[in-house]
Amino acid sequence: MSISKRVHYHLPGLFEFYELYSIFLPLFKNHREYFYDWCDIGSIYGAPADCLWGGGRAGFGEADAQEVFALMNEYGISSRLTFSNSLLKEEHLADKKCNSLSSLFEKSKVAGGVIVHSDLLVEYLRRNFPKLYLVSSTTKVLTDFKDFESELNRDDFKFVVPDFRLNKNFDELKNLSQVQKDKVEFLCNECCDPGCKNRKLCYENVSRKNLGEAAADYKCTSKNAAGGYRFSLAMKNPLFIGLQDIQEYVSLGFSNFKIEGRGLGSAVVLEFLLYYMTKPEYQLEVREAIYLDSMLDLF
């Protein structure tokens with residue numbers, strides 16, 4: 001498979017899958033023949049467990065922030081803090097842990113970023129950590145294309161992740177300017193029901209939990225919810241962006257693609273890395289290198 005323009009993947013699990021990336025990144029650097037030459041790693045995103053500003057998914061990352069910072073610097077990869085809590089108030093901005101993380105990753109050799117929902121946090125980060133670039137979170141659930149385009153036009157954001165239900169709006173997407181297209185970051189592998197009307201409530205439930213508020217678990221009403229995430233089911237989603245689809249997006253001028261999965265296990269995330277980045281003839285070599293590493297518990 002050949003693609004004419006460089007594709008940037010934004011990968012899940014900065015803190016959640018540190019051990020996986022500590023094995024995968026050396027492979028990616030030292031055995032580029034295993035991987036498609038048209039793709040690179042634009043960033044790795046995530047948040048530690050019990051992170052007040054966190055959102056999107058309940059964080060469980062336990063990796064040491066200094067070790068994560070060092071790994072990303074060693075391989076020249078942008079780190080993104082997922083601070084997409086939608087319910088932040090003024091008093092939450094003083095959180096010591098989140099400020100410390102922002103201060104640390106602002107010092108990265110490659111510019112670090114923050115995935116953000118709250119405009120309150122946008123202004124706070126711009127004032128206090130101006131070296132961090134900002135990414136508008138898909139948790140805003142911008143399903144109206146005009147709202148999405150307005151978000152693209154905001155100078156606050158270097159990237160904007162639209163709701164996955166805009167993935168195939170090609171008639172409108174192709175008419176964006178190149179400046180706008182360069183800011184779009186498509187969510188590729190969502191398995192959520194395209195007809196779901198409660199996606200925003202689901203994200204808000206996670207935000208409440210991260211703030212320490214009493215909140216019952218959100219009960220997804222999707223027919224496949226009981227089985228959890230399945231990549232095989234995500235591939236059948238009509239809004240899934242598969243490997244072959246990416247060529248079409250590139251032909252329209254897009255180059256940034258986000259892979260979700262920081263709430264999953266590292267074995268599933270490995271399958272994403274194999275599917276989207278690894279040449280079929282080398283997938284076994286990559287699997288073996290990772291499966292046989294005694295330091296990694298894939299399950």
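Is serine 266 buried or exposed? I started there today, working on a predicted model. Serine 266 turns out to be buried, with a relative accessible area of 8%. I then looked up where it sits, and the place of serine 266 is in helix 11, which covers residues 266-277. I also checked serine 266 against proline 12: their C-alpha atoms are separated by 9.9 Å, though the two residues are 254 apart along the chain.

I found an open sheet of eight strands, paired in parallel, in the order 6-5-4-3-2-1-8-7. Strand 6 and strand 7 (185-187) stand at the edges with a single partner strand each, so one side of each has no neighbour in the sheet.

I went through two of the pairings. Strand 2 (residues 39-46) runs parallel to strand 3 (residues 79-83), with three bridges between them. For isoleucine 44, I noted serine 79 in strand 3 as the bridge partner. Strand 4 (residues 113-116) and strand 5 are also parallel, and four bridges join them. There, valine 116 has serine 136 of strand 5 as its bridge partner.

**Salt bridges**

I searched the whole structure for salt bridges and came away with nine.

- Aspartate 119 meets arginine 154 through their side chains, at 3.1 Å from N to O. Aspartate 119 is in helix 4 (residues 119-128) and arginine 154 is in the loop between helix 5 (145-152) and strand 6 (159-160), so this pair ties together parts that lie 35 residues apart in sequence.
- Glutamate 151 forms a salt bridge with arginine 154 too, and here the closest N and O atoms are 3.7 Å apart.
- Aspartate 156 meets arginine 154 in a salt bridge as well, at 2.8 Å from N to O.

How far do the shared partners carry this network? I followed them and got one network made of Asp119, Arg126, Lys140, Glu151, Arg154 and Asp156.

I also wrote down how accessible these residues are. Arginine 154 is partly exposed, at 22% relative accessible area. Aspartate 119 counts as partly exposed as well, with 41% relative accessibility. Glutamate 151 is buried at 8%. Aspartate 156, at 17%, counts as buried because the cut-off is under 20%.

**A charged patch**

Last, I looked over the surface for charge. Asp144, Asp147, Asp171 and Glu172 gather there in a patch of negative charge. Glutamate 172 is partly exposed, with a relative accessible area of 36%.

How values were computed. Residues numbered from 1 in each chain as written. Predicted model: local features only at pLDDT ≥ 70, side-chain atom pairs only at ≥ 80, totals over all residues. Heavy atoms only, no water. Patch = residues over 30% accessible without salt bridge, like charges linked within 9 Å, V, L, I, M, F, W, Y side chains within 5 Å. Areas by Shrake-Rupley, 256 points an atom, 1.4 Å probe, with all protein chains shown as cover. Salt bridge = Lys/Arg side-chain N within 4 Å of Asp/Glu carboxyl O. Lys, Arg positive; Asp, Glu negative; His and termini not counted. Charge placed at Lys NZ, Arg CZ, Asp CG, Glu CD. Buried < 20%, exposed > 50% of the residue type's maximum accessible area, 1.4 Å probe, protein only. Helix = DSSP H or I, 4+ residues; strand = E, 2+ residues; numbered from the N terminus. Pairing = 2+ DSSP bridges.
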